[in-house]
Amino acid sequence: MSDGGPVVHGYPHLETVRSAITALYKRLSYDTVHTFETSIAPADVAFSDQDDLHLGVQRVAREMVRHLRLPDARVIVSFREMEHAANVELTAGPEYFIELNDRFRTHRRDIGAALAHEIMHVYLHRLDLAFSGTRDNEILTDTATAYLGAGWLLLDAYREDSASSQKLGYLTPEEFGYVLAKRAFAFGEAPETWFTSPQAYSAYTKGLAQARRDEQQPPLTAAGWAGRRRYAKDRRYALEHGSGGAGPGSRDGAYSFSRESGGVPRGPSGGSVPLRVSFPCPTCRQRIRLPVRGRMRARCTLCRSVLECDT
């Protein structure tokens, strides 16, 4: 929890975030991920200063448990002074104990965000899904919370002005925006309508722009002129030199070429091409491998996205 201190911006954890999205699809399957096609509604986690603190916390916690389909998990919430926003004790159940920072006694609008992250820890614990290391595992938890429909609350808890700042979670505001945009593309949502924080809305629009760039990378046909030209140059280089790798023009290793064993170099229109291109699915980030032979339609086996490509 950043409370009054500097807020980190940008995309320092982007590769881990992308790996987390892939891990969710692999562990849960396409069908299970799509059971979360509706995000938790603002009205279901609304918490006013007039609500009884403990009854309200239990109500919001139950709503999070319901959203994540944890019928056997009873969540007991208490408050104490602590450095972090919250903490959860992960046991075999049936009860889970969550401690919230004392500041939430008077900052009730953000209790839903804190509970969303901690109850996602419970969900991932029951799935036996984790990344190694505290940092990467917390990034997985934030990403899962956002992608499975409760993490917009974490971004909405971000507020910053010249005198103060607040941010919950390990992701930067823009990274939260990126994951929420990826979810919006997959489920047809418009999370920007739920934000009460202007800074959260701004971070979402920046993350949305980053997510759109994923949809516009070659060999996808949605790639712009510059990307298509760069890709064609790299493809020609790979064909002429018989070497694999990303090619001098690929950005961040987005795509890479490999030679089929025993293949003989030929041009893009020269019949059977011994070259293949590998690139990440823009939805789930699993790598897709296709033959280099022009326009084609590909289907990701993990998230079932249908991709229009020009290899």
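Colleague: How many salt bridges does a search of the whole structure find?

Modeller: The search finds 14, a salt bridge being a side-chain nitrogen of Lys or Arg within 4 Å of a carboxyl oxygen of Asp or Glu. Please note that this is a predicted model, in which local features need pLDDT of at least 70 and side-chain atom pairs count only at pLDDT 80 or more, while totals for chains, interfaces and linings use all residues. Residues are numbered from 1 along each chain as its sequence is written, and side-chain values use heavy atoms, with hydrogens and water left out.

Colleague: Which residue forms a salt bridge with Arg80?

Modeller: The partner is Glu99, and the closest N and O atoms are 2.9 Å apart. Arg80 lies in strand β2 (residues 74-80) and Glu99 in strand β4, so this pair ties together parts 19 residues apart in sequence. Both residues are partly exposed, Arg80 at 35% and Glu99 at 23%.

Colleague: Is Arg228, which meets Asp310 in a salt bridge, buried or exposed?

Modeller: Arg228 counts as buried, at 19% relative accessibility. Its salt bridge with Asp310 has an N to O distance of 3.4 Å. Because Arg228 lies in helix α9 (residues 225-241) and Asp310 in strand β11, the pair ties together parts 82 residues apart in sequence. Elsewhere, salt bridges that share partners join Glu15, Arg18, Lys182, Asp214 and Arg285 into one network.

Colleague: Which residues form the covered face of strand β3?

Modeller: In a regular strand the side chains alternate between the two faces of the sheet. In β3 (residues 86-89), Ala86 and Val88 form the covered face, whereas Asn87 and Glu89 form the uncovered one. β3 pairs with strand β4 (residues 95-101) in the antiparallel sense over 4 bridges; two strands pair if DSSP finds at least two bridges between them. Glu89 stands opposite Phe97 in β4.

Colleague: What span should helix α4 have?

Modeller: The expected span is 1.5 Å times one less than the number of residues. For the 17 residues of α4 (residues 111-127) this gives 24 Å, and the end C-alpha atoms are 24 Å apart, which agrees. Of those 17 residues, 15 are buried, so α4 is largely enclosed by the rest of the structure. Asp128 follows α4 and has a positive phi, near 60°.

Colleague: How many disulfides does the structure hold?

Modeller: The structure holds 0 disulfides, a disulfide being a pair of cysteine sulfur atoms within 2.5 Å. The sulfur of Cys284 has its closest cysteine sulfur in Cys300, at 3.6 Å, too far for a bond. Cys284 is buried at 0% relative accessibility, and Cys300 is buried at 2%.

Technical notes:
Buried < 20%, exposed > 50% of the residue type's maximum accessible area, 1.4 Å probe, protein only. Helix = DSSP H or I, 4+ residues; strand = E, 2+ residues; numbered from the N terminus.
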